[in-house]
Amino acid sequence: MKNPILIAVGIIAVLVIGGGFFFANQGSQKTNDAEMTKDENVMTEKDSGTIEDDKIADDKMTAARYVEYSRVALEGAVDNRRVLFFYASWCPTCRPTDVNLKENTNRIPEDVTVIRVNYNDPETDQEEKDLAQKYGITYQHTFVQIDAEGKEVVKWNGGQVNELLKNIK
C-alpha cells in the first residue's frame, strides 16, 4: 500500500514542480519579449539616426581635403581639383604617405580634394576596382588628378604632400 501512495505523492510533486517551472518560464518569456521589443525600438531609433549621421559624415568628408573614397566624396568634390590616391593597406610606402597626408591636410590647397581609393585590399569594392581600371592603375601608391568630367589631367607614382603640391595642375 505504501507503494501506490508514494507513487501518487511523487507524481503530484513532479506536477507541482513542473507546473511551477512552466508558470515561472511564462513570466520570464513575457519579460524577455518586452525587453526584445524595447531593444528593437532602440535599434530602430539608432538605425534611423545612423542614416542621418552618415549623411552628415559624408557632407563633412565632401568638404575635407583628404578623404576616403565614396561616390558621395568623389561627386561632392567635382568643383575642386580632385586627386585620386590609389592606396593599399599592405603597401609599405602607402602607409607613411597616408599618415603624411592626414598630418598635412592644412598644406593641401582648399580647392584640392585628395581621395584615397583602396587599390588592392580586402576592403576594395567594385567601384574602386573600376576606377583603377579606368585610369590604368597597375601599381599602388599612384596619384591621378582628374578634371570635372573625370578625365585624367596628370598621373604620378609615389611621394607625399610635397610631391602632391608639385604635381597638381
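Predicted model: local features only at pLDDT ≥ 70, side-chain atom pairs only at ≥ 80, totals over all residues.
Reader: What makes β4 and β5 a pair?
Author: Two strands pair if DSSP finds at least two bridges between them. Strands are DSSP runs of E, at least two residues; helices are runs of H or I, at least four; both are numbered from the N terminus. Strand β4 (residues 142-146) and strand β5 (residues 152-157) are joined by 5 bridges and run antiparallel. Q145 stands opposite V154 in β5. The hairpin has 5 residues between the strands, and there G150 takes a positive phi near 90 degrees.

Reader: Why is H141 called buried?
Author: Buried means under 20% relative accessible area, exposed over 50%, and partly exposed in between, with a 1.4 Å probe and protein chains only. H141 has 6%, so H141 counts as buried. H141 is found in the loop between α4 (126-134) and β4. Its phi is positive, about 65 degrees, although H141 is not a glycine.

Reader: How do you know that E110 and R65 form a salt bridge?
Author: The criterion is a side-chain nitrogen of Lys or Arg within 4 Å of a carboxyl oxygen of Asp or Glu. The N to O distance for E110 and R65 is 3.5 Å, so the pair meets the criterion. E110 lies in the loop between α3 (94-103) and β3 (112-118), and R65 in the loop between α1 (2-63) and β1 (66-68), so the pair ties together parts 45 residues apart in sequence. E110 is exposed, at 66%. The whole structure holds 7 salt bridges.

Reader: What makes D111 and R81 a salt bridge?
Author: Their closest N and O atoms are 2.9 Å apart. That is within 4 Å, so the pair qualifies. D111 sits in the loop between α3 and β3, R81 in strand β2 (residues 81-87), and the pair links these distant parts, 30 residues apart. D111 is partly exposed at 36%, and R81 is partly exposed at 25%.

Reader: Where do K102 and D98 lie, and is each buried or partly exposed?
Author: Both lie in helix α3, 4 residues apart, about one turn of the helix. K102 is partly exposed at 49%, whereas D98 is buried at 7%. Salt bridges that share partners join E68, D98, K102 and R116 into one network. The closest N and O atoms of K102 and D98 are 3.2 Å apart.

Reader: What makes β1 and β5 edge strands?
Author: The open sheet has 5 strands in the order β1-β3-β2-β4-β5, with mixed pairing. β1 and β5 each pair on one side only. β1 and β3 run parallel, joined by 3 bridges. The bridge partner of E68 in β3 is R116.

Reader: What does α3 touch on the sheet?
Author: α3 packs on the sheet and touches β1, β2, β3 and β4. Contact means heavy atoms within 4.5 Å. The direction of α3 makes about 145 degrees with that of β2. Such angles run from 0 to 180 degrees between N-to-C directions, with axes fitted to C-alpha atoms, for helices over the stretch in contact.

Note on methods. Residues numbered from 1 in each chain as written. Heavy atoms only, no water.
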